[in-house]
Amino acid sequence: MIRCKTAQEIALMREAGKIVALVLETLRKEIRPGMTTKELDAIAEETIRSHGAIPSFKGYQGFPGSICASVNEELVHGIPGERVLKEGDIITVDVGAQYQGYHADSAWTYPVGEIDAETKRLLDVTEQALYIGLTEAKPGARLTNISHAIQMYVEANHFSVVREYVGHGIGQHLHEDPQIPHYGPPNKGPVLRPGMTLCIEPMVNAGSRHVKTLADDWTVVTADGKRCAHFEHTIVITDAGYEILTVS
């Protein structure tokens, strides 16, 4: 069931979103060659807790980190640890924060130092796909208009959209209805209504769309070992369109 949030609930999610955005901006400034993903996790947890929030991911279904830290061919759910970032890597940082009972969730893929031109294009296309999808986030529209717009843009740029992992509703729970694929035909699914809070998060592979899960039962990687990117915002549908909640 999709539940539209009240103005008070949206206000709490907006505060959670500000904290998530602050964490991502803090980490963006810290990411550099020689850092470990565990160090980034510690910075994120301290920032979240110092602003009166709780890391949404820590302990969620047993996940050990406060962030997901996924490097290069790792798509999602990378466990922070002793991996050292190198010049030319990319890292996706996925952050969730729970503030007074309400969650917000955002992910961004960052370069580590200088990256090659094709990797930069992957990041640019994936980020732009997020915003192209959001142009379809408006009351009265069907949910899969977002999905279709993302797929068409990504594939026109000769990249692949992952199908196994999708966006989702969010609120008092980290994952709520509806599920939001980033591919498929338009004009399907539920009608968007003001007060719906959604996570839109295209995940894009440089090669084939196929992925697999590593032996840790968390880390998802591209099946062909090529790089991938992931950009996500939490939004609320408004009377006029949408508002991004995961901004400072």
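Begin by selecting Pro80, which is found in the loop between β3 (74-76) and β4; helices (H or I, at least four residues) and strands (E, at least two) are DSSP runs, numbered from the N terminus. The model is predicted, so local features need pLDDT of at least 70 and side-chain atom pairs count only at pLDDT 80 or more, while totals for chains, interfaces and linings use all residues. Residues are numbered from 1 along each chain as its sequence is written, and side-chain values use heavy atoms, with hydrogens and water left out.

Is Pro80 buried or exposed? Pro80 is buried, with a relative accessible area of 15%; buried means under 20% relative accessible area, exposed over 50%, and partly exposed in between (1.4 Å probe, protein chains only). Next, display its contacts (heavy atoms within 4.5 Å). Beyond neighbours within four places in sequence, Pro80 touches Thr37, Lys38, Asp41, Phe63, Gly65 and Ile67.

Now select β4 (residues 90-99), which is joined to β5 by 10 bridges in an antiparallel arrangement; two strands pair if DSSP finds at least two bridges between them. Within this pair, Gln98 stands opposite His103. The two strands form a hairpin with two residues between them, and Gln100 in the turn has a positive phi of about 50°. In β5 (residues 102-111), nine of the 10 residues are buried.

Finally, select the open sheet of five strands, ordered β8-β7-β9-β14-β15 with antiparallel pairing. Its edge strands are β8 (176-180) and β15 (242-244), each of which pairs on one side only.
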